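Hi,

Here is the structure I promised to pass on to you. Have a look at it first, then read my notes below with the picture open beside them.

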Amino acid sequence: MAMRVALNCVSANFSFRLPQLSRTANIPAGRLFWRAEILRTLSTASRLTSALKFTDKHEWVRVEGGVGTVGISNFAQEALGDVVYCGLPEVGQKLEQMEEFGALESVKAASELYSPLTGEVTEINTELADNPGLVNKACYEGGWILKMTIEKPGELDGLMEEAAYDTFIKSLDE
């Protein structure tokens, strides 16, 4: 009611007329809170990395439907600098966990890539051939490196979740 009075007072000072509010709707407060909470969580960046698992070599994997998408972490791409070349494996290549499968070269350094899981390469990110900088611009999205089947799902348990990986990175600075 106070809001209606305030709006009527404000609208009297303008030449145009503000729309009148209807009587108070019967919306439970819990529903309004729930909606506000959703809007807050949609804007957080951690949703991108919440399903990722990380290796101590700074690769990540996101598993969906038995297929793992692999890339490098934000920490790794920042350490490398501007990536200028991506050496990628062949589709069909079988990889063992922590086996070297390629390399990234930047203006500052070169870094080997290691498979986070055992499986077979089913797809490579062909966009990286023409635009290797995608690794820097969107390492968790368009800058992914390869997709692979997962032969040993139990290996996921040995990888770090985001919180553990963040702790691992902080320990490197010490």
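Let's start with how the chain folds back on itself: of the contacts in the protein chain with a separation of 6 or more, 61% are between residues 24 or more positions apart. Keep in mind that this is a predicted model.

Now the overall picture. The protein chain has seven helices and nine strands. It has 174 residues, and 34% of them are buried. Its accessible surface is about 10900 Å², with 55% of that belonging to carbon and sulfur atoms.

Next, the sheet. Six strands make an open sheet with antiparallel pairing, and if you walk across it the order is S1-S2-S3-S9-S8-S5. At the edges you'll find strand S1 (53-54) and strand S5 (94-95), each of which pairs on one side only.

On to charges. Side chains of opposite charge can pair when their charged atoms come close. How many salt bridges does the count come to? The count is two.

One of them joins the side chains of glutamate 161 and lysine 53, at 3.6 Å from N to O. Glutamate 161 is in the loop between S9 and helix H7 (162-173) and lysine 53 is in strand S1, so this pair ties together parts that are 108 residues apart in sequence. Is lysine 53 buried or exposed? Lysine 53 has a relative accessible area of 18%, so it counts as buried, the cut-off for buried being under 20%. Beyond its neighbours within four places in sequence, lysine 53 touches several residues, including Trp60, Val61, Leu156 and Met160.

Another salt bridge is made by the side chains of lysine 94 and glutamate 120, at 3.2 Å from N to O. This pair also links distant parts of the chain, with lysine 94 in strand S5 and glutamate 120 in strand S8, 26 residues apart. Lysine 94 counts as exposed at 56% relative accessibility, whereas glutamate 120, at 27%, counts as partly exposed.

A few last things to click on. Val84, Tyr85 and Val107 make a nonpolar surface patch of about 310 Å². Tyrosine 85 belongs to strand S4 (residues 83-87) and is partly exposed, with a relative accessible area of 45%.

And the cysteines? Cysteine 86 is buried at 10% relative accessibility, and cysteine 139 is buried at 6%. The disulfide count, though, comes to zero.

Cheers

Definitions and conventions
Residues numbered from 1 in each chain as written. Predicted model: local features only at pLDDT ≥ 70, side-chain atom pairs only at ≥ 80, totals over all residues. Heavy atoms only, no water. Disulfide = S-S within 2.5 Å. Buried < 20%, exposed > 50% of the residue type's maximum accessible area, 1.4 Å probe, protein only. Pairing = 2+ DSSP bridges. Helix = DSSP H or I, 4+ residues; strand = E, 2+ residues; numbered from the N terminus. Contact = heavy atoms within 4.5 Å. Patch = residues over 30% accessible without salt bridge, like charges linked within 9 Å, V, L, I, M, F, W, Y side chains within 5 Å. Areas by Shrake-Rupley, 256 points an atom, 1.4 Å probe, with all protein chains shown as cover. Salt bridge = Lys/Arg side-chain N within 4 Å of Asp/Glu carboxyl O.
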